[in-house]
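Here are a few notes to read alongside the model. Have it open while you go through the points.

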Amino acid sequence: MPDAVVIGAGPNGLVAANLLADAGWQVQVLEEQPEPGGAVRHDRGVHPDFVNDLFSSFYPLAAASPVLAALRLEDHGLRWRHAPHVLAHPLTDGRCAVLDRRLDVTAASMEEFAAGDGAAWRRLFQVWQNLRPDLLAALFTPFPPVRAGARLAMRLRAAGGLRMARSLLLPVRRLGEEEFRGDGGRLLLAGNALHADLAPESAGSGGFGWLMSMLGQTYGFPVPAGGAGALTAALLRRLESAGGRVTCRQRVEEVLVRDGRAAGVRTAAGETVAARRAVLADVAVPALYGGLVDARHLPTQLLEDVRRFQWDFATFKVDWALDGAVPWRAERAARAGTVHLADGLDELTRFAAQIAMRQIPDRPFALFGQMTTADASRSPLGTQSAWAYTHVPHDVRGDAGDEGIGGAWSSTDRERMADRVERQVERFAPGFRSLIRARRVLAPPSLEALDANLQGGAINGGTTALHQQLVFRPVPGAGRPETPVPGLFLASAGAHPGGGVHGAPGANAARAALRAHRAPGLVRAQRVLARRDRTGRKR
């Protein structure tokens, strides 16, 4: 019997399993898919000569994560690669905002848009440098981050206190207007905010756009050499060297609760896998509460809160094998790993508004990945392994492009949407479509079929909006990995601090399980409180 069963072999599940194995626990990881990795995988499914990442590709949060740094994955074969430029945001008039790990290069790009904007970017970077150690410590530890939070509060006070806090809570449109005279800095901040589901007018989008921009400035947007799955392979090798086991093609259907605590799991094949100490769930929040865990074991209020759980935008992705370099009108975009495609801030607002109105956007904001530019091993010399993804509504009520694309994502819908994404690329790179050797289309149902955690094509484990962050993630009052069922811990991106490949939810869950084992009285207290919640008594 293993000490712990981990449900899901995504990055968070594998991080959790590694930390438990390091503590001497026997760990069994069960994964539904034929291979581990969750949303960190690659294949040669577009063309046999090309490596394409299935889901995520660029990993600034992994590069910044103290969790992953502590695992020393480089000792297990992981190698990082960088494109010459981190990110580019070209415009149809030929101008191009560039984010580069060299501060002088980024500042010079900002200065081209407006005099003084290079200095403004440097000021934002200096604020980041002052806050970075404690901000990252607070971000990657369980909520509330008492020690790191106290240090961060002191640093915030030194950086301007309430004024700085106000800036981080601003919509990114307003933050850009306050900090920059020209479009360059505004575009970098707003485009980075839309890596999540934060429109330019959303509260807190300024802080998120600033965070992603500063991560890129400091760490770049690195990629694993050979494909995204190389990061998974390093986690897997490390786990196996510590005695952990991963079994694929094992879908968990139920978390078994006995005598008020998690005792193991039951698989779709009818097998019972008992857990001596803990069950850790790297699964989507709505799939866990009232799904894998029967509602009779959960407080009524929790179930009501889960019904209000909000997903992030659905995602539509196209992968390409290209016969040559992308013919960007703005030449500097050719040297960037990530390229943002929207012709100005107003077009970003229009895109987000169409999604809010449950329409398929007519000019989809696309995040475009040039993988061979970042890692030459991804495709033959002179070619490009590339992808683009955009966001769409979950509940489609109309098509702003008047082509009748609906929410059923039929083969016709998929092909029409892929053509629309390609036309968006053509606006910035005329002749792009003539280079396509092969393509693969991944609509929201396709993504979910490949990874059940990506429900409806949502890739961040739930909205990044303020009302579902910190103490509100995944639901109000549940900002820690402990659940109402003693011995069961939430280890997915649905938990604080949320989406992105950084391993923090998995690490937080593993540490909580270790603490609970060392303090059995805490488990008994959890059990009593859970019983009181279920019976409606006051706590």
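1. One term first: buried here means under 20% relative accessible area, with a 1.4 Å probe and protein chains only. By that cut-off, both tryptophan 328 and phenylalanine 368 are buried. Keep in mind that this is a predicted model.

2. Those two rings make an interesting pair. Their centres sit 5.3 Å apart with the planes of tryptophan 328 and phenylalanine 368 at 85°, so the pair is edge-to-face. Tryptophan 328 is in the loop between strand 14 (314-322) and strand 15 (336-341), while phenylalanine 368 belongs to strand 17 (residues 366-370), 40 residues apart.

3. Phenylalanine 368 has another partner, phenylalanine 432, with centres 5.9 Å apart and planes at 80°, so this pair is edge-to-face. Phenylalanine 432 comes from the loop between helix 16 (411-428) and strand 20 (436-442), so the contact ties together parts 64 residues apart in sequence. Phenylalanine 368 and phenylalanine 432 are both buried. Ring pairs link Trp320, Trp328, Phe368 and Phe432 into a cluster.

4. On to helix 1, residues 11-22: its 12 residues reach 16 Å from first C-alpha to last, close to the 16 Å expected. The helix is mostly covered, with 11 of its 12 residues buried, among them Pro11, Leu14 and Leu20. After helix 1 comes glycine 24, with a positive phi near 95°.

5. Worth a look too is the open three-stranded sheet, order 10-11-12, paired antiparallel. Strand 10 (252-258) and strand 12 (272-274) are its edges, and the twist averages 30° from one strand to the next. Three bridges join strand 11 (residues 261-267) to strand 12, and arginine 266 stands opposite threonine 272.

Note on methods:
Residues are numbered from 1 along each chain as its sequence is written. This is a predicted model: local features need pLDDT of at least 70, side-chain atom pairs count only at pLDDT 80 or more; totals for chains, interfaces and linings use all residues. Side-chain values use heavy atoms; hydrogens and water are left out. Helices (H or I, at least four residues) and strands (E, at least two) are DSSP runs, numbered from the N terminus. The expected span of a helix is 1.5 Å times one less than its number of residues. Buried means under 20% relative accessible area, exposed over 50%, partly exposed in between (1.4 Å probe, protein chains only). Two strands pair if DSSP finds at least two bridges between them. Axes are lines fitted to C-alpha atoms, for helices over the stretch in contact, and angles run from 0 to 180 degrees between N-to-C directions. Rings of Phe, Tyr and Trp (its six-membered ring) pair if their centres lie within 6.5 Å; planes under 30 degrees apart count as stacked, over 60 as edge-to-face and the rest as tilted.
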